Amino acid sequence: MENIVIGLLQFVILVAISPFIKTFIHKIKCILRGQKGPPLTQAYKDIYRLFKKETVISKDASFISRMAPYVVFVSTLWAATFLPVINKYTLLNFTGDIIALAYILALGVFFIALYGMDQASAFGGLGSSREITIAGLSEASFMLIIFTFALQTGSTNIGEIFEKVHQFGISHVPVSVAFALISLFIVSLAENARIPFDNPETHLELTMVHEAMILEASGRHLALFELSSYIKLTIFLTLVSNLFFPVGFYKDTSILFIILGVVVYILKMLLFAVPVTLIEMGMAKFRFFRVPEILILAFILSLISLIIS
Amino acid sequence: MEISEKPFYLLILILPLILSSIPRFSLILQSLISLTLLIISINLILSNTDFIISFKSIIPFLTFSYKVDNLSLFFVGLVSLLSFASSIYSVSYIKEFENQKVLTFLYNLFILSMVMVILSANVPTFLIWWEIMSVVSFLLVIFDYKKQENLNAGISYIFMTHFGTTFIIMSFILLYIYSGSLEFKDFVNVSLPEDVKFLVFLTSLIGFGTKAGIFPLHFWLPKAHPVAPSNVSALMSGVMIKTAIYMLIRFYFEFLKDIPITFGYIVLFVGALSAIYGILYAYVQTDIKKMLAYSSMENIGIILIAVGLAMIFKSSHVWILMGISFIAVLYHTLNHTVFKGLLFLGAGSVLFKTHTKNMEELGGLNKFMPKTGILFLIGILGITALPPFNGFVSEWLIYQSLLFGSKLNYEFISFTMPLFASVLALTGAFALGSFAKLYGTVFLGTGRTDKVKKASESDGFMLTGMGFLAFMVVILGLIPVLPVYVIDEVLKQIASFSIYNYIIYKNGLLLISTDYDFGRISTSILAIAGIVIFAITYFLIRKIGNGNVREYETWACGLGESNLTVKAQYSASGFSQPIRRILSFVYKVKESLSFSGKKYFLPKKTYKLEIIDRIEDLALSLTDMFIKIVLKVRYFIQPGIIHVYIAYIILTLVAFILYVVR
């Protein structure tokens with residue numbers, strides 16, 4: 001019973017802070033640009049406002065348009081149900097496989113790509129084609145990183161992996177992890193449509209990827225898409241922070257440690273959100289056909305990390 | 001065990017064949033018999049069957065014998081599973097064709113020959129049925145013989161299949177020399193010298209690999225499979241290429257004992273190459289059925305990866321791991337039969353209604369045939385290995401086996417295993433892309449030509465056939481314990497141990513890889529969690545959110561419906577263009593843009609894009625070179641000059657005279 005409560009708590013925390021993380025990144029960017037930026041609760045308001053709005057569906061749309069937002073949302077929440085945040089006991093710990101995580105996120109990508117093509121709009125197809133290309137090319141490095149950690153810890157269960165990593169502690173992190181970190185970071189940027197792969201802030205027709213697919217979405221459908229993209233970003237940040245900064249993941253289940261865990265977790269998330277903003281500030285979006293080069297870099301880095309680990 | 005009693009009731013199998021003159025009745029009968037056969041074979045597997053039936057013929061040494069054991073029954077079950085669905089489907093589908101009686105006859109004979117190939121237990125029986133299967137499928141490939149494309153595909157197919165049969169016969173001869181018998185049961189445990197063992201391995205891999213469509217012997221497959229009638233394409237891709245997998249399992253797990261670890265590694269390597277090559281070409285196809293055929297090549301590659309792993313584990317005597325990869329082999333074979341059959345039947349429905357299989361001419365079919373659209377989507381979710389559907393479970397088992405492979409005590413193998421895993425991941429990602437493209441261009445958006453407007457929902461027979469397979473996709477994904485239990489019985493006979501208890505946990509709710517801590521998934525609970533999450537989300541949105549829906553036209557930068565053409569949608573070749581450009585070294589692309597009409601004032605432009613299979617290109621140029629050399633040699637002997645022929649006559653005369661005089 002206690003475990004279920006902890007699992008539910010982790011799930012709720014992950015979902016609840018995801019809009020905050022998104023606004024946080026945006027806020028830092030604004031401050032660095034010398035702008036004032038939105039309040040930190042902006043994303044919550046946005047989502048709420050969108051839920052209140054009427055949904056407009058294209059005349060050319062089929063049942064996919066009505067179904068895809070829910071499938072994308074469910075698939076990201078699926079991942080959230082077994083991703084340990086502060087403790088090994090997640091809701092679906094017994095099926096929390098890291099390979100399954102990769103495929104569950106792929107389910108979301110697949111349906112969002114179908115959604116893009118459903119309204120007979122030129123932009124949607126463009127976005128789907130690019131998104132699928134980027135996601136496909138980053139998949140190989142993601143799997144290598146997964147294998148690196150699975151081999152090190154002797155498990156493909158995320159809970160077990162995190163637990164082992166935290167057991168070794170931060171002082172025993174092998175050097176090879178540095179390469180894996182850079183690689184996973186690149187993959188995370190690619191999967192979450194951030195600069196230099198995609199610019200989440202524009203609707204500039206020629207460069208957009210993720211935004212192009214959901215261009216037709218509105219009302220609650222858009223809210224679901226937005227919320228799932230926030231949660232996906234948080235999932236990747238959680239993965240990165242828990243793998244490479246193994247502090248605050250407690251085996252203990254006492255109230256004090258849980259509260260401490262939550263605080264440390266939020267701090268870690270904010271810490272790992274900073275590099276994302278710095279990269280977005282310091283770099284322009286890459287030309288689409290230069291994207292494979294950086295993804296191949298990620299692949300080679302993960303290969304090096306696998307060899308020397 | 002041999003039984004003397006001749007089971008003449010098996011003659012019922014040829015009943016549909018005899019009744020082919022009444023096509024629809026015969027097909028219904030065929031589906032009923034297939035269903036019975038499926039149930040019987042599952043029952044026999046569960047009761048652990050192993051016997052041989054022999055028929056002596058008037059020719060000495062020629063005995064027809066059939067082996068009924070768990071492995072052959074599993075594949076017979078596979079054939080009957082798909083033929084059940086596709087026979088129901090065919091009842092409506094054959095209306096498409098003129099000479100239905102011939103088609104039904106060939107179709108029934110094709111199914112019969114596949115069942116018999118699988119049951120064969122000695123070399124002559126096997127080769128006879130193998131040849132019947134090849135020739136009948138050749139006739140089905142060229143069934144629509146008025147199209148030049150089909151004839152070309154047929155010639156390529158019949159040539160390659162005999163190329164393969166040559167190698168199969170070679171490997172049988174080698175086994176015959178060392179065992180002194182033509183019976184399969186005497187091949188088991190025959191002791192071969194190391195080099196002969198390698199030769200048998202190689203010839204069987206080439207021979208059966210040609211049928212299975214492995215890299216680089218695949219190029220007939222994407223030509224031949226798409227041009228056959230769709231119900232036959234489903235059978236060809238779904239089960240005919242699996243007969244080759246079946247024989248490979250017989251060879252590597254029964255006939256050849258103590259195989260070195262390199263054999264397994266070669267199979268693994270070839271499998272990985274086929275998988276990635278197949279899916280890269282599937283990604284750029286614009287013909288629905290051709291794309292599905294390339295995807296069959298990919299799946300054969302994935303199956304071979306698992307076969308290779310099982311062989312590696314077998315030669316390193318790690319039995320539990322061998323069991324896991326063996327289960328992955330048969331599980332994925334079963335899965336591929338189900339979803340590839342479903343997708344080919346779905347493609348057949350599209351072809352039946354719109355008379356085109358070119359993606360560029362289709363679009364928006366979901367509005368005309370929504371049920372077919374949903375069933376097709378389920379098939380796609382299976383084949384792209386998305387949880388919680390069936391492809392995911394078998395691919396997960398393969399990933400786990402690869403991970404275990406890294407733990408073996410061979411430096412090279414353990415280092416390269418993660419690379420194979422990333423190749424598999426890349427394959428999965430591209431499969432996702434190819435099928436998103438397929439579904440997106442065929443079923444979503446709006447129609448690109450008027451052909452779409454004629455489409456209507458498939459009728460009851462077609463929907464039943466596809467619906468059954470879609471049901472299987474879901475069941476095999478959600479309840480992995482059923483197939484694992486059946487496959488475990490097969491494993492018990494092949495390797496005489498069972499791993500059911502190692503990988504099934506908590507009454508089958510959980511699938512684990514040997515150790516609870518190592519990895520575990522539960523698709524059924526994932527599905528339940530998904531439904532619960534969906535229900536909560538839906539309820540909350542209804543409660544707080546706005547439930548109104550308004551229909552409006554798609555936003556197109558201010559262009560109205562009147563001046564917007566359907567061509568503005570992304571096309572299939574446009575969708576795959578990024579990959580085509582990024583991985584341009586894989587493809588051989590011929591592009592051409594031609595102008596017609598007025599030269600400067602709005603000329604009519606025609607853009608042609610042709611993607612040529614590099615291996616096919618290579619094979620064609622090699623045969624070209626070979627023929628040129630032969631012709632050159634012939635030219636020396638037979639130059640067409642009368643003087644030379646007179647010289648031949650005189651020389652012959654002199655030779656004879658010398659011979660006689662001496």
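In the predicted model above, A:V56 has B:R550 of β7(B) as its bridge partner. That link belongs to a strand pair across two chains: β1 (residues 55-58) of chain A and β7(B) run in the parallel sense over 4 bridges. Strands count as paired if DSSP finds at least two bridges between them.

A quick word on the ground rules. Residues are numbered from 1 along each chain as its sequence is written, and chains are lettered from A, with ligands numbered from 1, in the order in which they are written. As this is a predicted model, local features need pLDDT of at least 70 and side-chain atom pairs count only at pLDDT 80 or more, while totals for chains, interfaces and linings use all residues.

**Where the chains touch**

- Chain B puts 65 residues into the contact, and chain A puts in 65 residues; two residues are in contact if their C-beta atoms, placed from the backbone, lie within 7 Å.
- On the chain B side, the elements that each supply at least two residues include α15 (390-405), α20 (523-544) and β7 (549-552).
- The largest share of that side, 13 residues, comes from α16(B).
- Sorted by type, the chain B side has 38 nonpolar, 20 polar and 7 charged residues. Here Ala, Val, Leu, Ile, Met, Phe, Trp, Tyr, Cys and Pro are nonpolar, Asp, Glu, Lys and Arg are charged, and the others, Gly among them, are polar.

**A helix pair in chain B**

- Helix α14 (residues 370-383) of chain B packs against α16(B) at an angle of about 170 degrees, with the axes 10 Å apart. Axes are lines fitted to C-alpha atoms, for helices over the stretch in contact, and angles run from 0 to 180 degrees between N-to-C directions.
- The two helices, α14(B) and α16(B), are therefore roughly antiparallel, a label for angles over 145 degrees.
- Among the residues making this contact are B:F376 and B:I380 of α14(B), plus B:F435 and B:Y439 of α16(B).
- The residues of this contact divide into 8 nonpolar, 1 polar and no charged.

**Chain A as a whole**

- Chain A has 11 helices and 1 strand. Helices (H or I, at least four residues) and strands (E, at least two) are DSSP runs, numbered from the N terminus.
- Its C-alpha trace spans about 55 × 45 × 40 Å along the principal axes of chain A.
- Of the 309 residues in chain A, 60% count as buried, so each of those has 20 or more other C-beta atoms within 10 Å of its own, with C-beta atoms placed from the backbone.

Notes: Angles under 35 degrees count as roughly parallel, over 145 as roughly antiparallel, 65 to 115 as roughly perpendicular and the rest as oblique. A residue is buried if 20 or more other C-beta atoms lie within 10 Å of its own, exposed if 12 or fewer, and partly exposed in between; C-beta atoms are placed from the backbone.
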